[in-house]
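Please inspect the sequence and the model before reading the solutions.

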Amino acid sequence: MTVLRLHRRRGGSRFFVYATLIAFIAGSLFPFYWSFLVASRDTGMLSDHLPPLLPGGNFWSNASRVFDSVPFWKALGNSVIVAGTVTLTTVLFSALAGFAFAKMRFRGSNGLFVFIVVTLAVPTQLGVIPLFIMMSDLGWAGHLQAVIVPNLVTAFGVFWMRQYIVDAVPYELIEAARVDGCSVFGTFVHVCLPAIRPAAAVLAMFTFMMSWNDFLWPLIVLDAGNPTVQVALEKLQSGHYVDYSLVLAGTTLATIPVLIVFLLLGRQIVAGIMQGAVKG
């Protein structure tokens, strides 16, 4: 009887865990499903007493209207260029700086690292006006480099990589590489980079999402004919009448590149989570 009771308790707790996970997954996926549902129908469905639960057949026509209403192809291309470049440079420079702060000893390293972390508390909006003046003086206003260059590296990226490298890369491996005649940069490439791939994948994912979803700075510094995808989506709802089927069709299209990046980096992200779980 005792064994039977224990089996029932375990079965009940397992059911509760799975039910909770399913509820969280359903709650996370519902906004995406609702966006696609509205994008596949006309706006009139929103005024129905009982909105339909199955997609309609108007998604491709609404998507075609998105490309006819705004330069969406150009906006997608600009966002891919900006987000891809910013992601690559942020991961590379953050890894280099994190390696230096974590494993190299030089005068003022602690104070410099504290200064970098403190900048996280400074609101981004404080630098918008002087940064715009600087971009205008350089002749970059209206061009993509005005969005890319100020975001080549982030304080959060440096902090993230430094904290990971402290535990992930033992000093013994670095000393062994030096004994073998490896330079500092060679040690970083051959010893540090293979060990920090999970953290780099997570940072790349977060950086790509933040850059892809950035709205304020591209809206200020770019021309109307050279937008990123978030600025283009804003143009779809700038009139007196907002066609939500049109807006959510554009939103659905804009979500696809982020999902692709997550699928590409998902294995490394899961590997990093599992590695942290094993260490814990």
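The model is predicted: local features need pLDDT of at least 70, side-chain atom pairs count only at pLDDT 80 or more, and totals for chains, interfaces and linings use all residues. Residues are numbered from 1 along each chain as its sequence is written, and side-chain values use heavy atoms, leaving out hydrogens and water.

**Exercise 1.** Determine how many helices and strands the protein has, and state what percentage of its residues is buried.

*Solution.* Begin with the DSSP runs (helices: H or I, at least four residues; strands: E, at least two; numbered from the N terminus). The protein contains 13 helices and zero strands. Next, apply the burial scale, on which buried means under 20% relative accessible area, exposed over 50%, and partly exposed in between (1.4 Å probe, protein chains only). Of the 280 residues, 35% are buried.

**Exercise 2.** Classify the ring pair of Phe30 and Trp34.

*Solution.* Rings of Phe, Tyr and Trp (its six-membered ring) pair if their centres lie within 6.5 Å; planes under 30 degrees apart count as stacked, over 60 as edge-to-face and the rest as tilted. The structure holds 12 aromatic pairs. In one of them, Phe30 and Trp34 have ring centres 6.2 Å apart and planes at 25°, so this pair is stacked. For the location, both residues belong to helix α1 (residues 2–39), four residues apart, about one turn of the helix. Finally, consider accessibility: Phe30 is partly exposed at 49%, and Trp34 is partly exposed at 28%.

**Exercise 3.** Classify the pair of Phe185 and Phe188, and decide whether Phe188 is buried or exposed.

*Solution.* The ring centres of Phe185 and Phe188 are 6.2 Å apart and the planes stand at 35°, so the pair is tilted. Both residues lie in helix α9 (residues 184–195), three residues apart, about one turn of the helix. Turning to accessibility, Phe185 has a relative value of 55% and counts as exposed, whereas Phe188 has 2% and counts as buried.

**Exercise 4.** Identify which residue lies over the face of Phe113.

*Solution.* The criterion requires NZ of Lys or CZ of Arg within 6 Å of the ring centre and within 35 degrees of the ring normal. Arg162 lies over the face of Phe113, at 4.8 Å from the ring centre. Phe113 also belongs to an aromatic cluster with Phe101, Phe106 and Phe159. Elsewhere, Lys103 is placed over the face of Tyr171, at 4.1 Å from the ring centre.
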